Amino acid sequence: MNKYTKDLTSIIIPNWLTTTGGKIVPENETLWFAKHCIQRIKDNTKVPYELILIDNGSVIGSDYLKREADVYIRNEENLGFAKAVNQGIEASKGEYVCVINNDVFVWPDWLRVMISELNRTDLNPKPLVIMPALVKETRSALEALEIKSLNLDLNYYAMGSGAEFGSCWLTRREYLDIIKEKDGHYLDENFKYGFGEDRDLWSRLRYHLKGETYRTHKTRVFHQGNVTIGKIINRKKYTYANREYLRGLREKRGY
C-alpha cells in the first residue's frame with residue numbers, strides 16, 4: 001500500500017513572525033504577508049491539500065498560525081528555513097509536497113496546474129520539480145492583491161529547464177525520500193537561515209534521479225522577496241557563508 005495519500009498535496013510554509021515593520025506595511029509586516037499568503041491559498045486551491053505551518057520561534061501570530069493550520073509545528077526559536085521545511089516534510093502525508101515562502105501570493109488553479117506539469121510524460125529529462133513563473137504586472141504587493149486574474153498569454157507553453165526559484169516549488173514526496181535515503185537528509189540544515197539550501201537540493205535531485213527542475217508559465221505567483229529574511233540582523237554574514245558552503249559542496253561532489 002502506498003505510504004503517501006494519493007492526490008493529496010502537503011503545502012509547507014515556514015514562518016518567523018516578528019513585530020518589525022517594513023516597506024509594505026509599517027508594523028508587523030511578516031504577519032501581514034503570512035495572513036495574505038495563507039488566505040489566498042485557501043481561496044484559490046480546489047485540489048486536495050493539507051496546510052502545514054511551521055512556527056519558527058514567532059513572537060506574534062502563533063495563535064493565528066495554529067488556528068489556520070491542518071498541521072501546526074512550533075519551535076521555540078528560529079531554527080532556520082531548512083530545518084523548518086524538513087520538519088514539515090517529515091509530518092506530511094501527501095503524494096506531493098509544495099514548499100512556499102510566506103511572502104508569496106497565488107491565483108486560482110495554481111496548484112492543479114503545477115501538479116499537471118509535474119506529471120507530464122513528454123519532457124526529457126523528466127520533471128522532478130515544478131516552479132511557477134512570476135507575475136509581470138507589478139512588483140507591489142498592494143497592487144498584486146487587487147489583480148483578479150493574470151495575463152498568462154506571454155510564454156504560456158514555455159517550460160524553462162534548470163529552474164532554481166526556491167520560494168515556491170512542487171515535487172513528489174517519493175523523490176524527497178529517495179534523496180534522504182541517499183544523502184541522509186532532505187534539505188541540508190548547515191545552510192543557516194536560508195540562502196542556498198534550495199539550490200543544493202536541486203543539484204542532488206538532478207544527480208540522483210536523472211531528471212530536471214522546470215519553471216512553467218501556465219501559472220504565475222507574486223513574490224515580494226526578503227520579507228522574513230530581511231528582518232535577520234547582519235544577514236549578509238549568512239549569505240556569504242552559505243555561498244561558500246554551497247561552492248565547497250559542489251566542488252567536493254563534482255555536481
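Q: Are Glu95 and Arg172 buried or exposed?

A: Buried means under 20% relative accessible area, exposed over 50%, and partly exposed in between, computed with a 1.4 Å probe on protein chains only. Glu95 is buried, and Arg172 is buried as well. This is a predicted model, in which local features need pLDDT of at least 70 and side-chain atom pairs count only at pLDDT 80 or more, while totals for chains, interfaces and linings use all residues. Residues are numbered from 1 along each chain as its sequence is written, and side-chain values use heavy atoms, with hydrogens and water left out.

Q: What do the side chains of Glu95 and Arg172 form?

A: A salt bridge is a side-chain nitrogen of Lys or Arg within 4 Å of a carboxyl oxygen of Asp or Glu. Glu95 and Arg172 meet in such a salt bridge, at 3.0 Å from N to O. This pair links distant parts of the chain, 77 residues apart: Glu95 is in strand β4 (residues 94-100) and Arg172 in strand β8 (residues 168-172). Helices (H or I, at least four residues) and strands (E, at least two) are DSSP runs, numbered from the N terminus.

Q: How many salt bridges does the whole structure hold?

A: The search finds 20 salt bridges. One of them joins Arg204 to Asp183, with the closest N and O atoms 2.7 Å apart. Because Arg204 lies in helix α7 and Asp183 in helix α6, the pair ties together parts that are 21 residues apart in sequence. Arg204 is buried at 1% relative accessible area, whereas Asp183 is partly exposed at 26%. Salt bridges with shared partners also join Glu117, Arg120, Asp122 and Lys218 into one network.

Q: How many disulfides are there?

A: A disulfide is a pair of cysteine sulfur atoms within 2.5 Å. The count here is 0 disulfides. For Cys37, the closest cysteine sulfur is that of Cys168 at 8.6 Å, which is too far for a bond. Cys168 is likewise in no disulfide, since its nearest cysteine sulfur, in Cys98, is 4.6 Å away.

Q: How many aromatic pairs are counted?

A: A pair of aromatic rings is described by the distance of the centres and the angle of the planes. Rings of Phe, Tyr and Trp (its six-membered ring) pair if their centres lie within 6.5 Å; planes under 30 degrees apart count as stacked, over 60 as edge-to-face and the rest as tilted. The count comes to 7 aromatic pairs. Trp32 and Phe33 have ring centres 4.9 Å apart and planes at 80 degrees, so this pair is edge-to-face. Tyr207 and Tyr255, by contrast, are stacked, at 4.0 Å centre to centre with 0 degrees between the planes.

Q: In which sense do strands β1 and β2 pair?

A: Two strands pair if DSSP finds at least two bridges between them. Strand β1 (residues 5-15) and β2 pair in the parallel sense, over 7 bridges. Ser10 stands opposite Glu50 in β2. Strand β2 also runs parallel to strand β3 (residues 71-75), to which 5 bridges join it.

Q: Why is strand β2 described as largely enclosed by the rest of the structure?

A: Strand β2 (residues 49-56) is largely enclosed because 7 of its 8 residues are buried.
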